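Keep the viewer open as you read.

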Amino acid sequence: MDTVEADERLVPFSLRDMTYACRVLTTRRRYSTEPLVLIGGALQDMYSWPRLERRLTAHTTLVLMDLPGTGNAGDLDAGAGFEILAEAAGHAIERLGLGRVNVLGASYGAPIAYRLAQSRPDLVARLLLAGATPRVGPRLTAVVRQGLELVGSHSRPADEPARRDYARNVVDVLVNSATRHEVAQGAAVARLLERQLLRTSQSAALRYAACHERLLDTDLYPPGGIAGVPALVFTGEHDCASSPEENSAVAATISDCAFALIRDADHMAHLEREAEYADLVTRFLRDQPVQGLPYCRYPQAKDPGCPACHS
């Protein structure tokens, strides 16, 4: 494994009434690419990527963000949307004084990263989106609404059977239950996620629910597309939380965009095929070819108006 010990610093930020922070990981190596800002999913915080960060810090400075409403950051107003989160991310990048950066938005983080690149292309050298969908589909919507009902109807944590049923439903979407036998480490990752969800505190569950609610009943990517920022959109070939068709629809809105599917993986590809995920990201950051890799498939990106992308 190509890993290296990294120095770490925590940097707090404030923007209007919002407080948030990031971790900056660097080594003494001389890097050949811009720093990478990683904006994670609704169930993740800036400490949720330990195996991936060990691989990536061998090649780049890594910035992991807890934006408002996630991790240990301050709360985000219920009516606030992805625009304010993109603004907060841009504010943090400017305050860090790193110049132009690469930005990876994963799952819930993808609409934030997209808006940042669209509104502030001067800050973004390259854009990577993992697990992107123009609009949340019915299966994930049902699970999100189950979670909202669960936390909304209890001042204290729900009973064990209800929590376990919800956790299993979440895991069945994130680690595709229909193709789990085809996913590398699928069963192990599913067990890990279920244990984490069952250990979630009531306060954390409320924050997760607020983030997930922000995904519902809306088009997640603003019109106008992106031009002038090299981009890569990718996910696992078995992803059913944001299907390959949905990811390709997002890729089609970006003028200079590569699209790839990681074999034997789904929405949790960063856990299932960690080495391949890191290699794909690192290649793109170094402007190396990302086509023809043995661990990827390359279907043609589909028109964003494709009905399958909104099913």
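## Ground rules

This is a predicted model, so to speak of local features we need pLDDT of at least 70, and side-chain atom pairs count only at pLDDT 80 or more, while totals for chains, interfaces and linings use all residues. Residues are numbered from 1 along each chain as its sequence is written, and side-chain values use heavy atoms, with hydrogens and water left out.

Helices (H or I, at least four residues) and strands (E, at least two) are DSSP runs, numbered from the N terminus. Contact here means heavy atoms within 4.5 Å.

## The sheet

Start with the open sheet: 9 strands in the order β1-β2-β4-β3-β5-β6-β7-β8-β9, with mixed pairing. Two strands pair if DSSP finds at least two bridges between them. At the edges stand β1 (7-15) and β9 (296-297), each with a single partner strand, so one side of each has no neighbour in the sheet.

Further in, β5 (residues 101-106) and β6 (residues 124-130) run parallel and are joined by 6 bridges. Gly-105 sits opposite Leu-129 of β6. Helix α2 packs on the sheet, touching β1, β2 (18-26), β3 (36-39), β4 (62-66) and β5; its direction makes about 125 degrees with that of β1. Helix α10 (residues 274-285) also packs on the sheet, touching β3, β5, β6, β7 (231-236), β8 (257-262) and β9. The direction of α10 makes about 155 degrees with that of β6. Angles run from 0 to 180 degrees between N-to-C directions, and axes are lines fitted to C-alpha atoms, for helices over the stretch in contact.

## Nonpolar cores

A nonpolar core is a set of buried Ala, Val, Leu, Ile, Met, Phe, Trp, Tyr and Cys residues joined through side-chain atoms within 4.5 Å. Buried means under 20% relative accessible area, exposed over 50%, and partly exposed in between (1.4 Å probe, protein chains only). Which members of the largest core touch the most others? Out of its 77 residues, they are Met-65, Leu-67, Leu-127 and Leu-129. Helix α2 (residues 82-96) gives the most to this core, at 9 residues.

Beyond its neighbours within four places in sequence, Met-65 contacts Ala-21, Cys-22, Val-37, Leu-38, Met-46, Ala-89, Ala-92 and Ile-93. There's also a second, separate core of 31 residues, including Leu-104, Phe-234, Tyr-277 and Cys-296.

## Two helix pairs

The axes of α2 and α3 (residues 109-119) come within 8 Å and cross at roughly 65 degrees. That makes the two roughly perpendicular; the cut-offs are under 35 degrees for roughly parallel, over 145 for roughly antiparallel, 65 to 115 for roughly perpendicular, and oblique for the rest. Residues making the contact include Phe-82, Leu-85 and Ile-93 of α2 and Pro-111, Ile-112 and Leu-116 of α3.

Helices α4 (residues 138-152) and α7 (residues 202-213) pack at about 140 degrees, axes 9 Å apart, which makes α4 oblique to α7. Val-144, Leu-148 and Val-151 are the α4 side of that contact.

Leu-10 is in strand β1. Leaving aside neighbours within four places in sequence, Leu-10 is in contact with Cys-22, Arg-23, Met-46 and Tyr-47.

Gln-288 lies in the loop between α10 and β9, and at 35% relative accessibility Gln-288 counts as partly exposed.
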